[in-house]
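Reader: I have a model open and some terms to sort out. Please take me through them one by one.

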Amino acid sequence: MTVPPIQRSAGLRSPWLLDVTLGLLVVAALPLAIVTIPNTLSVVAKLLPGDIDQVGLMRTHGLALPALMLTVPLAAVALRRAKVAHVLLGGLVLVALSEVAGGFAGSELIVGAVRVLRGIGAGLIVPATLAAVWGRGPMLRALWAGVFSLSLLAAQALALWPLDKASSWRVTLQPYPMLTGIALALAGAYVIVWILLGRPDAPGPDDGERRRLLLAVLPAAGIAVVGISTATAGWRAMPVILLAVLAVAGLLALASIGTGESRTLAYSMVAVGVVLLPSAAQVTLVEMGGLGGPGLKGLWIPYGVAGVLAVGASVAVRRLAPASARWLAPLGLLAMVVGLCSVRLMVPSAVGLVLVVPFSLLVVGAAVALTSALQEVGVGAAVFGLSLGLAGVLAGFLLGTGVQMAMLAGVSSAQELVDSFVGALHAWALVGGFFVVVVIVLAAVTARRSAKNAPHVPCAGPGVAAVDETDGDPPAETSPRGSASVPPAGAFDEVDAQGDGEADPLPGVPPQGRSPEDAASS
């Protein structure tokens, strides 16, 4: 008697189970990774032991962002050989280990090690989630872009939320242990479903993209060195601003490498990285209760509305807009410019609901720009642009810190401090708006030059492929059978409470361990 072969259940053969698990994992893991960026130790400075060097501790606490920036391009290169599911699970394991170790931290060295470990874990999670959704349906890419944009917008608020009525300063090292456990469980479920479905491959960067990704390590390392160097005392506003401008210029120069489609994405990522999180972080701090705003409780509705609109806009762009709608990326960036203008008009406000307008314009614009640009590139160009964008976050914090230092110089009273802090926000919104406009113009000029340099083919016959006007590379000639005969050419999270113009311990951390509330009341 013949025994029929054992069949897998229909549920395991259906890819929707993997897609649902991966979608939930993106929603849980991406915010957990991005919330690593803000340095909030100064908010709980009163809880620090007296025998610990507070400024040094704040400086080492800020090492997570440099570690994340350096890990992202290297992790993207590793995805050529390593399985995406394994990299994603490994990143979440490192984040979980950092939270466990954070409970035992008691010195500057251990705090630095914990934050570096968490930065490395987050640096594995972000590109791994992007590569994982790349091999699935297009809606998952839209979900990733929307959640990524929302995570950048809300990172500062999410980092501050666990510190409300905190009883220990170590909560900054383990802000969301329950969410970490949920994300780790989802990653385990994702690996199991991935194995049961036959270990489907996820796309990775090719050899040419690998070289570009390794090249992206250089500006990330340079910006990290600048960020750590300016954390020491003695720096003035103008040198910090000049170094930040050079860092941003270097990122734009590297973003100019490649085809027209990859340039559009890289420019968009740099603009979003430099502007979104640094702007949202300062708006959040201005709206804290100690500075006259509604406090965090009054901000969650604007954040929630903006988040729903961002994810909805990403899905709508992916479903309704054709892949050739290249005007959506500059349109999204233009919406961010309008959002920055609204920051100058509406912030500060004692009514939290008013912030729905700037938050929505900023995050929806970022989500639309990224979703549109991601439609036209491969996974290698996507993770390359992501690497530049996350390096741009620290560059944006450095530039914002320099602007704050210049505005706060000579402050002598609490009211002057508050007024200068708000003035610094308005000045930063102006700087950020002009920068995004420059990126829009730069992308348009480079795209036009690529189209002008592209060879003109009046009629594409059966042996000649059509020309991609954005690329500029000559097409491959093919034989009638279709085989190629000729290959193609190949921070300012918090203020300087002293008003002495010295740089923060790291961008986003005030010296002397004083929070904005402490400074305003002094």
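Reader: What makes I301, V305, L309, V351 and L353 a nonpolar surface patch?

Author: A patch is made of residues with over 30% relative accessible area and no salt bridge; like charges are joined within 9 Å, nonpolar side chains (Val, Leu, Ile, Met, Phe, Trp, Tyr) within 5 Å. Here the five residues I301, V305, L309, V351 and L353 make a patch of about 430 Å². Accessible areas come from the Shrake-Rupley method with a 1.4 Å probe, and for residues only the protein chains shown count as cover. The model is predicted: local features need pLDDT of at least 70, side-chain atom pairs count only at pLDDT 80 or more, and totals for chains, interfaces and linings use all residues. Residues are numbered from 1 along each chain as its sequence is written, and side-chain values use heavy atoms, leaving out hydrogens and water.

Reader: Why is L309 called partly exposed?

Author: Buried means under 20% relative accessible area, exposed means over 50%, and partly exposed lies in between (1.4 Å probe, protein chains only). L309 has 41%, so L309 is partly exposed. Its place is in helix 12, residues 300-320. Helices (H or I, at least four residues) and strands (E, at least two) are DSSP runs, numbered from the N terminus.

Reader: How do you know that D19 and R136 form a salt bridge?

Author: A salt bridge needs a side-chain nitrogen of Lys or Arg within 4 Å of a carboxyl oxygen of Asp or Glu. For D19 and R136, the N to O distance is 2.7 Å. That is within 4 Å, so the pair counts. D19 sits in helix 2 (residues 16-34), and R136 in the loop between helix 6 (108-134) and helix 7 (138-160), 117 residues apart. Both D19 and R136 are partly exposed at 22%.

Reader: How many salt bridges are there in the whole structure?

Author: A search finds two. E99 and R118 form one of them, with the closest N and O atoms 3.0 Å apart. E99 is in helix 5 (residues 84-102) and R118 in helix 6, 19 residues apart.

Reader: Why are E99 and R118 called buried?

Author: E99 has 5% relative accessibility, and R118 has 2%. Buried means under 20%, so E99 and R118 qualify.

Reader: Which residues does V27 touch?

Author: L143 and V147, not counting residues up to four places away in sequence. Contact means heavy atoms within 4.5 Å. V27 lies in helix 2. At 44%, V27 is partly exposed.
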